[in-house]
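Take a look at this protein model. A few questions and answers follow.

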Amino acid sequence: MTTQGRGPAANGHRHARPATAEDHHPAAPSGPGTDGTTEPAAADGTWRGWREATEHALYGPDGFYTRPGGPGPAGHFRTSVHASPLYAGAVATLLRRVDAALGHPDELALVDVGAGRGELLTGVLAALPEDVRARLRPYAVERAARPQGLDPRITWRAELPTPGSLAGLLFANEWLDNVPVDVVETDADGVPRRVLVRADGTERLGPPVDGPDAEWLARWWPPVAPEADAGPATGSRAEIGRPRDAAWARAVRTLRAGLAVAVDYAHHRADRPPFGTLTGFREGREVRPVPDGSCDLTAHVALDACAGPAAERLTQRAALHALGVAGRRPPLSLAGTDPAGYLRALGAAGDAAELTDPAGLGGFGWLLEPVGGAACAGLLTSDAPDRRHPTA
């Protein structure tokens, strides 16, 4: 199956058509209930906040990710892991740098958070030399059941390992975008209210945002914060990223020493999208987000809010270049001396170009958090002009 990538397009959204305000309001309410009152739910479903609705739709008994026998994420969208084995090779290179920085410990952990069907760990194991594989303890953290035929060396877990129990590399590729979050929208008076949704995707506005969520908006998504200087525009939307901040902090605490890396399509405080980014994916196409378990539900990540004080943020293009992945075409002379080798090199160059395309997968954000001191800091540091994200 050919699937469409989920990476940001040149406008900061995705390869597929970006979502619009109309997409988010397929049946925008215009009557009673938009003022936040608690009228009874319609007969076809319960009104929930988007965070609760997404949790049920993605991870419930018949959820999009947990449904038995499903194709897994690769059946619906194409991540960097699925695009090319070069990606797993780059993660293997990073793991070896972490291993060296930690002094080659007797047990080296590799934790893949949001492991899908174990594709990344399988690729990394194949790319490592035997001396590293012999010491490696690979963990897949995924709420779906363990797939049949997975390498028996991989420990499959529904939850993160115990805090402070491992030394090595924790890698979360396109995990945080699926950590459910609430959505807010400003009403006609500029008041940000929680968006409530039914399983069929119908929305209405709920109660005003207050407490820690309002504080998070004021700090990290100020255009829709209650005290925004110019007053938020009616219909402005945002996703409250506090659950992702907490999820990432917990993931980082899994390590007692090493490096934690989150990779996702992201935005930054200075350029938050005015209508949010919540959308759906099904069978390689971007679709209207409907929390009924029929599609992936995803939203871009405020990685700057997740970042700890020692974190470094890079583009995927910069990170992969630092790990030796570049899209240079092989010399044409190779075609005359080794035609098969030339074709292999040409294919690898094409894969590398896709992974590092700044208007596609290369525009993803990498968040790197060293743990247990500075030994694993700066493993991808360079003065290359495209290396770092602009700070918010």
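Q: Which residues lie nearest the centre of the largest pocket?
A: This is a predicted model, where local features need pLDDT of at least 70, side-chain atom pairs count only at pLDDT 80 or more, and totals for chains, interfaces and linings use all residues. Residues are numbered from 1 along each chain as its sequence is written, and side-chain values use heavy atoms, with hydrogens and water left out. A pocket is an open set of points on a 1 Å grid over the protein atoms alone, where a 1.4 Å probe fits, with protein on both sides within 12 Å along at least five of seven lines; lining residues have an atom within 4 Å of a point. Of the 34 residues lining the largest pocket, those nearest its centre are Y59, V113, G114, R143 and W175.

Q: Which element gives the largest share of that lining?
A: Helices (H or I, at least four residues) and strands (E, at least two) are DSSP runs, numbered from the N terminus. Elements giving two or more residues to the lining include α2 (50-59), β2 (108-113) and α8 (242-253). The largest share, 4 residues, comes from α8.

Q: Is T279 buried or exposed?
A: T279 sits in strand β11 (residues 279-282). Buried means under 20% relative accessible area, exposed over 50%, partly exposed in between (1.4 Å probe, protein chains only). T279 has 2% relative accessibility, so T279 counts as buried.

Q: Which residue just after α4 takes a positive phi?
A: Helix α4 covers residues 85-101. Its buried residues include Y87, L94 and D99. Just after α4, a positive phi of about 80 degrees is taken by G103.

Terms used
The expected span of a helix is 1.5 Å times one less than its number of residues.
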